[in-house]
Amino acid sequence: MIRFSNVTLRRGVKPLLEGAEVSINPGERIGLIGANGSGKSSLFALLRGELHTDRGDVDFPGHWRIAHVAQETPALERPAVEYVIDGDTTLRRLEQEVAATQDGNRLGELHAALGDADAYTARSRAETLLMGLGFSESELTQAVSTFSGGWRMRLTLAQALMCPSDLLLLDEPTNHLDLDAIIWLEDWLARYPGTLLVISHDRDFLDGVVKSIVHIDQKKLRRYSGDYSSFEVQRAQQVVLTQNLIEKQTRERAHLQSFIDRFRAKATKAAQAQSRMKMLAKMEDLAPLHVAAPFSFEFKEPERAPNPLLVLEDVSAGYADKVVLKAITTSIQAEQRIGLLGVNGAGKSTLIKTIAGVQPVLSG
């Protein structure tokens, strides 16, 4: 079990958590949410041992293996599949020991340990992870340095998934993934046997993966059962209930204060007035629950809206040295709402830039 007990955490002069408490049972799937800067990533750093509490304790079994996604992927010349297998540090350590050992008995022990670590399926498991995250078969042996930043983050995610772990910490894992890879990751995480903590702004992903929510709110950790959609309903109900309690308390305070003001100076009522003054002093202040301000925007009404709005006839789009899209023929009508889908590198951004006039049409 992971237990936060009266935890206070500060970064510099800024308090992130104050007297925070929460418990997470083994095997649970938790979504960690909160406003930007509320301390989500710092909480992960606490679990990894990179930060320490200013007060209170964070406890979980000392033998637990923790996997997380590194923030940076170095530009290595190492093949992608080997880089992913490196995530299983126990396996790599055993392999190094085998290479350095001459003792026959010790070699027997090490080969048995390699069997226990599923060493003989490691490469196929790494390839499955990479292909699930969108890599082609030909890219499995490419050097890490040949991939763009977004694809390197996929490599680092695959490395974290490769690591045998009891606790998996994922911080915005879908940031560099397309829809197919996100769906594959949801399915993979559904079969993950350990304890999972996920930070994500993707509510659909959270709904597909987690069973409980831990919300960092007003420097406290508040737990809710169910997925993100369920959390939103519970949170809204809690806000309404808290506001009703505050209004009720305000009326009670006003009633007590009115009695005190009226009868404090009268000898026959002085004792009762004193009693009500004590009641008023003992009343606990109820803090309102703050709901994040909704983000909204609107497009200005166009001066004119021709129909069709856009016509593409046999268009080729791309760059001077590379055609990304060709023979595009389509039209877009006014007021249509269109989703543009495709794997990374398929040409979505290229098409948008071409339509916007940022990238000139190659032909058509």
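**Exercise 1. Work out which residues of α6 meet which residues of α7, and how the two helices are oriented.**

Start with the contact itself (heavy atoms within 4.5 Å): from α6, Arg 154, Leu 157 and Leu 161 touch Ala 181, Trp 184, Leu 185 and Trp 188 of α7. Sort those residues next, and you get six nonpolar, no polar and one charged. In this sorting Ala, Val, Leu, Ile, Met, Phe, Trp, Tyr, Cys and Pro count as nonpolar, Asp, Glu, Lys and Arg as charged, and the others, Gly among them, as polar.

A quick word on the model: it is predicted, so local features need pLDDT of at least 70 and side-chain atom pairs count only at pLDDT 80 or more, while totals for chains, interfaces and linings use all residues. Residues are numbered from 1 along each chain as its sequence is written, and side-chain values use heavy atoms, with hydrogens and water left out.

Now the geometry. Helix α6 covers residues 149-162 and helix α7 residues 179-190; they pack at about 10°, with axes 13 Å apart. Axes here are lines fitted to C-alpha atoms, for helices over the stretch in contact, and angles run from 0 to 180 degrees between N-to-C directions. Helices (H or I, at least four residues) and strands (E, at least two) are DSSP runs, numbered from the N terminus. So α6 and α7 come out roughly parallel, the label for angles under 35 degrees.

**Exercise 2. Is each partner in the Asp 217 and Arg 235 salt bridge buried or exposed?**

Begin with the bridge: the two side chains meet at 3.1 Å, N to O. Asp 217 belongs to strand β8 (residues 212-217) and Arg 235 to helix α9 (residues 228-263), 18 residues apart. As for accessibility, Asp 217 is buried at 8%, and Arg 235 is buried at 8% too.

While we're on salt bridges, shared partners join Arg 78, Glu 82, Asp 86, Arg 92, Glu 95, Arg 123 and Glu 127 into one network.

**Exercise 3. Describe the sheet that contains β1, and say where α1 packs.**

Step one is the strand order: β2-β1-β4, three strands in an open sheet with antiparallel pairing. Strands pair if DSSP finds at least two bridges between them.

Step two is the edges, which are β2 and β4 (55-59), each pairing on one side only. The average twist from one strand to the next is 25°.

Step three zooms in on β1 (residues 2-11), which is joined to β2 by seven bridges. Across that pairing, Arg 11 stands opposite Lys 14 in β2.

Conventions: Angles under 35 degrees count as roughly parallel, over 145 as roughly antiparallel, 65 to 115 as roughly perpendicular and the rest as oblique. A salt bridge is a side-chain nitrogen of Lys or Arg within 4 Å of a carboxyl oxygen of Asp or Glu. Buried means under 20% relative accessible area, exposed over 50%, partly exposed in between (1.4 Å probe, protein chains only).
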